[in-house]
Amino acid sequence: MRKIFDFHGGIHPPENKHQSVRTPIADAGIPPELVIPLSQHIGAPAVPSVAVGERVLKGQVIAQPRGFVSVPKHAPSSGTVSAIEDRLIPHPSGHSAPCIVIATDGQDEWIAHSGTPDYRQLDKAALLEKIRCAGIAGMGGAGFPSAVKLSIQPHHTIQTLIINGTECEPYITADDILMRERAQQIIAGAQILAHLIEPGETLIGVEDNKPEGIAALRAAASGTDIEVVEFPTKYPSGGEKQLIEILTGKQVPSGGLPADVGVVCQNLGSTVAIHDAIVEGRPLISRVTTVTGNSVREPQNFQVLIGTPMRYLLDRAGYEPARGNRLIMGGPMMGFTVPDDRVPVVKTTNCLLAPTEEELPTPPPAQACIRCGMCAEACPVSLLPQQLFWFAQGKEHEKLEQHNLFDCIECGACSYVCPSNIPLVQYYRASKAEIQQQRRDHEKAEHSRQRFEARQERLERAEREKEEKRAARKRAAEEKARQAGGDGEEDPIQAAIERARAKKAVQQAGGGESELEKLEKAVVSARKRLETASAKLAEAQAQGSDLVDALQTGVDKTRGKLEAAEKALQDYQASDSAAAQDAAQPGDAAQAAIEKAMAARAAEASLSPQEKARKDLKKLEQRLQKSRDKLAASRESGEEEKIIEALEATVTRLQDKVEEARIAVQDAEEA
Amino acid sequence: MIETLTQYPLLAALLALVGMAAVFGAVLGFAAIRFRTEGNPIVDQINDILPQTQCGQCGYPGCKPYAEAIANGEAINKCPPGGEAGIQALADLLDQEFVPLDEEHGEEDPRPAMAFIREDECIGCTKCIQACPVDAILGAAKQMHTVIASECTGCDLCVEPCPVDCIDMIREEESLQNWHWQLPDPVSRKVEIIATDNPDARDRAA
C-alpha cells in the first residue's frame, strides 16, 4: 500500500455527485447548429481554414493552429459552414469571440481517418504531433494544449506520471462516469502517455468517494504496471500541485512547474481523448459533460459534440429555466456564470450546473472581515487570505506579491469558509489581473523609453554630423582661398579681365563679318515670319475668321520689316565695298598726313620764339572768338542755363589763356 | 619607539586612532571614486514610474526631463497618462503627500489610446513621423504612412502637425483580450464567486 500524504487546509463541501451518476452516459445527439469558438484553449486562437458555404465532414480540420501553444479545431459533425463570426462564448466576461458556425445535415458523415493501434512503432515527436493535430487541450478546466504539456524539456527527468481522476469539485461526475464505463480506454491512454514520457511509475489518483470507478479501473489495470491510488476526499485535492503532494509528498516550488519535481500530470478526460486520437484516429470533437442541478429533471452525463449550444444540451436533460437562478459552467466552487444559455459547449466544459435559488442561493452581501483566520486554515497553498484581502482592497500590489498572491489557485476554499461572505477569490483575481496589467504597462513603458532615447540619440548624432560636415566645408574653402592667395590674390579676376579683353578683340577683328551675318540672319528670320503670317492669314480667310483684319496688319508690318532688313543689308554691303576700295591705297593717305605733320613741325621749328608766341596768341584769340559766338548763339536760342554757364566758364578760361599768351608774346619781343 | 608608546598609553591611543582614521579615510575616498554612481539615481527611479508616453502634457519635452524637474522640486501631479496610481507611486517614492492630478495638464483616461492614420487620406508629408517621439510611424515622403500599433504610446503628438487631419486617436474598447476581473463592489449583492453551497449561508438566506 502506497503512503498517502496530506496537504494543508482544504474543505469538505456537500458533494452532490450522486444525482448525475444514476444513468449511463447518454448521447446528446446532433444539434441543428454547432458553434465552434476558435479559442477554446490557452494560447493563440486557431485560424479558420474553411470558407462560409463549404461543406465539411465530421472530423475535418476547420481551423489551423497558430504558433506552438495552439491546437486545431475540427468539425464535430458533417454539414455546411454557415458563418464565421463573433458569437457569445462561455467566458465570465460575457464577451463575444470569433466562432465557426456549422449548420449540420444530420448525416454525421466521417472524413476518412485511421488510428494507429500499434503506437509503439511511432517515435515521440510523431506521437506528440498526432496529439496536437487531434486538437487535444486539457479538459479539466484551463485548457492547456496537451502536446505542449507532454513535451518534456531535456533537463527534466520524470519519475512519476499522474493521471488526475480526482474530480474533487461538487456536482461533477464526468470523470467518475468515464472510469465506470471506459476504464479500458483510460488504462490504454495512460499506457500511451507512459510510452511517451517514460516515467518511473504511472499513477491514477482517485478520491475515495468513487468506489465503483476505482473498482473498474483496478480491474482494467490489473496486469499492467499502472497503479490506481485511492485517497480521502477533500476539496481541492484535484488541484495539480495538491494532487502531486498527496501522491508523492513533493511540493512544487512557487512559480515552478510539476516537471521541476519530476512529475507530469494529465487529466483523465484528456487521457481518454489521447487514446481515441492515437488508437482510433478520432480528433477531439466531443466530450462527456455532466448536466446537473435541481432545475434539470434528469441530471446525467452526456456524450456531447463540441459546439453544441448549452440550451440544446440542457433541454435533453429536462431543463426548467423558470426554476433555475443561473447557469454555471464548471462546478460550484470554481465555475462561472455563463452570460446566456445559447453559448456552446467547449473542450473545457466538464459540467453544466443549473441550480435553483434554494440550492445555490445568491450570496448575501459581504460583511466586514472579523479576522477569524478560518480562511488561512482552509487555504490549500498556505497563504494568508485575509492579509491578501486587505492588501487587495488597498491596492498594495507590492505587498500582494510579497505575500505570494500568484500562488493562489483560486479554489474558493477561503470564500467558502468565510463567515462574512467576502468574495475573496474575486479580490485575488482582480488583483492578479491588475498586477499583470501593470507589468505589461511597465514593460511597454520601458520599451517606449528605450525607443525615445534611441531617437534622441539619433537626432543628436544627425545634428552633430551635419555640424561636422559644415565645419569641414568651411575649412576646405578657407584652405583653397589660402592657396589661391599664394599664387596671386587677383588671379581669377585677372583671368576674367583677360578673357573679356580677348573676346572684345575677337569681336572687333571679326566685327564686319558678324555685322553682315547679323543682317543676313535678320533678313532670313523676317522672311520666315512673313511666310508663317501669310499662311495664317490665308487660313483665316478660308475659314472666314474675325481675325483676318488683325492678321492682315500683322502681315503688312512683317513685310515692312523684311524690306527694312533687306535695305540695311544692301547698304551695309555697299558701304563695305566702298570701305574696301578706300583701303586699297591706305599707304598714300597716311603718308600724306605724315608728311603734312612733318612739314608743320619743320615750319614750327624754323619759327622764332616771338613768332611762335604770336601764333599761339592768334590761335587762342580765334578759339575765344568761336566760344563767344557759341555763347551768343546759345543765349539767343534760349538754351538751358547749365550749357550757357559752361560756355561762359569756357570763355573766361580762354580769356585768361589769351592774357597769358599776350604776356608771353611781350616777353618774347623784349627778349 | 615601542618603549615610548608603552610608557605613554595616551600617545599610543592617539596614534592608533589617527592611523585608523587615515586608513578608513583612504578606503572611503577610493570607494567614492571607484564606485561613483553615474547620473542621479533618484531621477532614474522617478523616470521608471513615469509612463514613458513622451506626450509632453506635463510641459516638459519628454518623461526624462520631467523626472529631472521632479527631482529638483517640481510638482508630482502633472502627468495625466500616469494618473492617480502614478502620482501615488511618486508620492511614496519621494515621501510626499498625495496630491490630485493637476487638471490644467489634462485628464486621466483609463483606456489607453492609439493613433490611427486614415491611409486613403494620407498625403505622405512625413510631418507626423517627425513629431513621433518613439518612431512609431512608418513611411516616407510622398508614400503612405502608418502607425506601428505595438510601438504607439498614444501621446497625441502626431495629430496636430497633420496638414490633412487624417490621424485619429482611437480609444481601446474592452474586449475578450483585455478583459479582466474587477474588484467586487463591496455593497453590491452581485458577486461572481459561487462558493455558496455553504450550509450557513444557505440557512441564512432561507
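In chain A, strands β3, β5 and β6 form an open sheet in the order β3-β5-β6, with antiparallel pairing. Strands β3 (47-48) and β6 (73-74) of chain A stand at the edges with a single partner strand each, so one side of each has no neighbour in the sheet. The antiparallel pair β3(A) and β5(A), the latter covering residues 61-64, is joined by two bridges. Within this pairing, Val47(A) is placed opposite Gln64(A) of β5(A). These descriptions, like those that follow, refer to a predicted model.

The domain assignment divides chain A into domain 1 (18-353), domain 2 (374-437), domain 3 (508-584) and domain 4 (608-670). Chain B is assigned domain 1 (2-34), domain 2 (41-105) and domain 3 (113-171). The centres of domain 1 and domain 2 of chain B, taken over C-alpha atoms, are separated by 47 Å.

The contact between the two chains involves 55 residues of chain A and 45 residues of chain B. On the chain A side, Gln426(A), Arg451(A) and Phe452(A) lose the most area to chain B, and together they account for 14% of what that side buries. About 4400 Å² is buried between chain A and chain B, with 57% of this area on carbon and sulfur atoms.

Three salt bridges are counted between chain A and chain B. In the salt bridge between Arg451(A) and Glu151(B), the closest N and O atoms are 3.5 Å apart. On the side of chain A that touches chain B, two or more residues each come from β8 (96-104), β16 (336-337), α12 (413-417) and α13 (424-487) of chain A. Helix α13(A) supplies the largest share of this side, 19 residues. By residue class, the side of chain A that touches chain B comprises 27 nonpolar, 16 polar and twelve charged residues.

Over all chains, the count of salt bridges comes to 42. Arg2(A) and Glu227(A) form a salt bridge in which the closest N and O atoms are 3.6 Å apart. Arg2(A) belongs to the segment before β1 (26-27) of chain A and Glu227(A) to strand β11 (residues 226-231) of chain A, so the pair ties together parts 225 residues apart in sequence.

Arg182(A) is located in the loop between α3 (174-181) and α4 (183-197) of chain A. When residues up to four places away in sequence are not counted, Arg182(A) touches Ile25(A), Ile177(A), Val288(A) and Gln303(A). A distance of 8.2 Å separates the C-alpha atoms of Arg182(A) and Val272(A), which are 90 residues apart along the chain.

Two backbone features in loops of chain A were also noted. Most residues other than glycine have a negative phi, and most peptide bonds are trans. The peptide bond from Tyr235(A) to Pro236(A) is cis, with omega near 0 degrees, and Pro236(A) is found in the loop between β11 and α6 (240-248) of chain A. Arg371(A), a residue other than glycine, has a positive phi near 60 degrees. The position of Arg371(A) is in the loop between β17 (351-353) and α9 (374-378) of chain A.

Note on methods: Residues numbered from 1 in each chain as written. Chains lettered and ligands numbered in written order. Predicted model: local features only at pLDDT ≥ 70, side-chain atom pairs only at ≥ 80, totals over all residues. Heavy atoms only, no water. Domains from an automatic or database assignment. Contact = heavy atoms within 4.5 Å. Buried area = accessible area lost by both parts, 1.4 Å probe. Salt bridge = Lys/Arg side-chain N within 4 Å of Asp/Glu carboxyl O. Helix = DSSP H or I, 4+ residues; strand = E, 2+ residues; numbered from the N terminus. Nonpolar A, V, L, I, M, F, W, Y, C, P; charged D, E, K, R; others polar. Pairing = 2+ DSSP bridges.
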